[in-house]
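Subject: Structure handover

Hi,

Here is the structure I promised to pass on. Please load it first, then read the notes below.

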Amino acid sequence: EHSDLLRRLGKSSNWWGKLASFGAGDLTYDDMMSVASSLGEETEVLYYEATRLYIAGERQAADRQFRRVLQTNMVSFYEFEMARKLLINQSRSR
């Protein structure tokens, strides 16, 4: 059901449509990074790739990607704050 929704949203040529296509697996990380037109968009792609890696069980790769989100210094972005909180929680649980 979620994939169907993401695919429908992905029909838009807007940035959020591309993010939806990425979430549905119809665009790759490299595809998304090549169309990101600002640091903010790159931050979003970095974060959503990190969450994909995390869900796939690739925890070390996800951690590296979450750190890349923080390196953008896009502190007003939701993705920045979520990456920060996830890394703090993971370090506490080790």
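This is a predicted model: local features need pLDDT of at least 70, side-chain atom pairs count only at pLDDT 80 or more; totals for chains, interfaces and linings use all residues.

α4 passes α6 in a left-handed crossing. Helix α4 covers residues 39-55, and it packs against α6 at an angle of about 35°. The two axes are 9 Å apart. On the α4 side, the contact is made by T43, E44, Y47, Y48 and Y54. On the α6 side, Y78, E79, M82, A83, L86 and Q90 take part. By class, the contact of α4 with α6 has seven nonpolar, two polar and two charged residues.

Next, α4 with α5. Their axes come within 8 Å and cross at roughly 165°. Angles over 145 degrees count as roughly antiparallel. α4 and α5 are therefore roughly antiparallel to each other. The crossing of these two helices is left-handed. α4 brings T43, L46, Y47, E49, A50, T51, L53 and Y54 to the contact. α5 answers with R59, A61, A62, Q65, F66, R68 and V69. The contact of α4 with α5 divides into nine nonpolar, three polar and three charged residues.

Is Q65 buried or exposed? Its relative accessibility is 8%, so Q65 counts as buried. Setting aside neighbours within four places in sequence, Q65 is in contact with Y29, L46, E49, A50 and L53.

The remaining pair is α5 with α6. Helix α5 runs over residues 59-71, and helix α6 over residues 78-92. They pack at an angle of about 135°, with their axes 9 Å apart. α5 and α6 are therefore oblique to each other. α5 passes α6 in a left-handed crossing. From α5, the residues in contact are D63, F66, R67, V69 and L70. They meet E79, F80, A83, R84, L86, L87 and Q90 of α6. Seven of the residues in the contact of α5 with α6 are nonpolar, one is polar and four are charged.

Now the core. The largest nonpolar core holds 17 residues. Which of them touch the most other members? They are W15, M32, V45 and F66. Several helices contribute: α2 (15-24), α3 (29-35), α4, α5 and α6 each supply at least two residues. α4 gives the most to this core, with five residues. For V45, the contacts are with W15, F22, Y29, M32 and M33, leaving aside neighbours within four places in sequence.

On to α2. This helix is mostly covered, with seven of its ten residues buried. The buried ones are W15, G17, L19, A20, S21, F22 and A24. What covers them includes α1 (2-9), α3 and α4. After α2 comes G25, and its phi is positive, near 85°.

T28 lies in the loop between α2 and α3. With 43% relative accessibility, T28 counts as partly exposed. T28 and E49 are 21 residues apart along the chain, and their C-alpha atoms are separated by 9.2 Å.

The loop between α5 and α6 holds N73. Most residues other than glycine have a negative phi. Phi of N73 is near 60°, a positive value in a residue other than glycine. N73 is exposed, with a relative accessible area of 57%.

S76 lies in the loop between α5 and α6 as well. S76 has a relative accessible area of 69%, so it is exposed. The C-alpha atoms of S76 and A36 are separated by 18 Å. Along the chain, S76 and A36 are 40 residues apart.

- The left-handed crossing of α4 and α5, with axes that come within 8 Å.
- V45, one of the core residues that touch the most other members.
- N73, with its positive phi near 60°.

Best wishes

Definitions and conventions. Residues are numbered from 1 along each chain as its sequence is written. Side-chain values use heavy atoms; hydrogens and water are left out. Axes are lines fitted to C-alpha atoms, for helices over the stretch in contact, and angles run from 0 to 180 degrees between N-to-C directions. Helices (H or I, at least four residues) and strands (E, at least two) are DSSP runs, numbered from the N terminus. Angles under 35 degrees count as roughly parallel, over 145 as roughly antiparallel, 65 to 115 as roughly perpendicular and the rest as oblique. A crossing is left-handed if the near helix is turned anticlockwise from the far one by less than a right angle, and right-handed if clockwise. Contact means heavy atoms within 4.5 Å. Ala, Val, Leu, Ile, Met, Phe, Trp, Tyr, Cys and Pro count as nonpolar, Asp, Glu, Lys and Arg as charged, and the others, Gly among them, as polar. A nonpolar core is a set of buried Ala, Val, Leu, Ile, Met, Phe, Trp, Tyr and Cys residues joined through side-chain atoms within 4.5 Å. Buried means under 20% relative accessible area, exposed over 50%, partly exposed in between (1.4 Å probe, protein chains only).
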